[in-house]
Amino acid sequence: MLDRGLICDVSETTTPWAYAAEIHERIVERFEEKMQELGVRGVVFCHLSHSYHSGACQYFTFAIADDSDNQEATYDAAKRVIQDSFMDFHGTVSHHHGVGEEHSPWMDRDISPAGVFIQRKLFEGSTPATT
């Protein structure tokens, strides 16, 4: 896709089976709405990369044809609408790729502010103060 001048990337989430169809439908719907709003052509599709008794990893791939000078903003808007939809429809911020800087804005919603605080303290190597 990059060889064809398309903006493209992937986003993955894990959802319980009860929400798997809904999250897929809503992401496609929201992505298409965002592309229309931005005035560009884009497509998003999905495959199940891992499945479990409790749910599955849905792996969304998107590609956008945008030859304007706003490609970075277009990419950010597409990525944001997909990641926001994960949080809105019972998904996780990621599955097996982990969470780096790009997906960190969604961590509070995924594991809670307290969970993020605990992770930061673990990474810092801090221990709680004793009284």
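**View 1. Ring pairs link F31, F62 and Y75 into a cluster.** Two rings of Phe, Tyr or Trp (its six-membered ring) pair up if their centres lie within 6.5 Å; planes under 30 degrees apart are called stacked, over 60 edge-to-face, and the rest tilted. This is a predicted model, where local features need pLDDT of at least 70 and side-chain atom pairs count only at pLDDT 80 or more, while totals for chains, interfaces and linings use all residues. Residues are numbered from 1 along each chain as its sequence is written, and side-chain values use heavy atoms, with hydrogens and water left out.

**View 2. Here is the ring pair of F60 and F86.** By the pairing rule, the count comes to 3 aromatic pairs. In this one, the ring centres are 5.8 Å apart and the planes sit at 45°, so the pair is tilted. F60 belongs to strand β3 (residues 55-65) and F86 to helix α2 (residues 71-88), so the pair ties together parts 26 residues apart in sequence. (Helices, H or I with at least four residues, and strands, E with at least two, are DSSP runs numbered from the N terminus.) Buried or exposed: which is F60? F60 is buried, at a relative accessible area of 1%, and F86 is buried at 0%. (Buried means under 20% relative accessible area, exposed over 50%, and partly exposed in between, using a 1.4 Å probe and protein chains only.)

**View 3. Now for the pair of F62 and Y75.** Their ring centres are 6.0 Å apart with planes at 35°, so this pair is tilted. F62 sits in strand β3 and Y75 in helix α2, 13 residues apart, so to speak linking distant parts of the chain. F62 is buried at 0% relative accessibility, and Y75 is buried at 16%.

**View 4. Three strands make an open sheet in the order β1-β3-β2, with antiparallel pairing.** Strands pair if DSSP finds at least two bridges between them. β1 (7-16) and β2 (41-51) are at the edges with a single partner strand each, so one side of each has no neighbour in the sheet. The twist averages 20° from one strand to the next. How many bridges join β1 to β3? There are 10, and T13 stands opposite Q58 in β3.

**View 5. What about the cysteines?** The structure holds 0 disulfides (a disulfide is a pair of cysteine sulfur atoms within 2.5 Å). The closest cysteine sulfur to that of C57 is in C46, 8.3 Å away, too far for a bond. C57 is buried at 0% relative accessibility.

Key. Axes fitted to C-alpha atoms, helices over the stretch in contact; angles between N-to-C directions.
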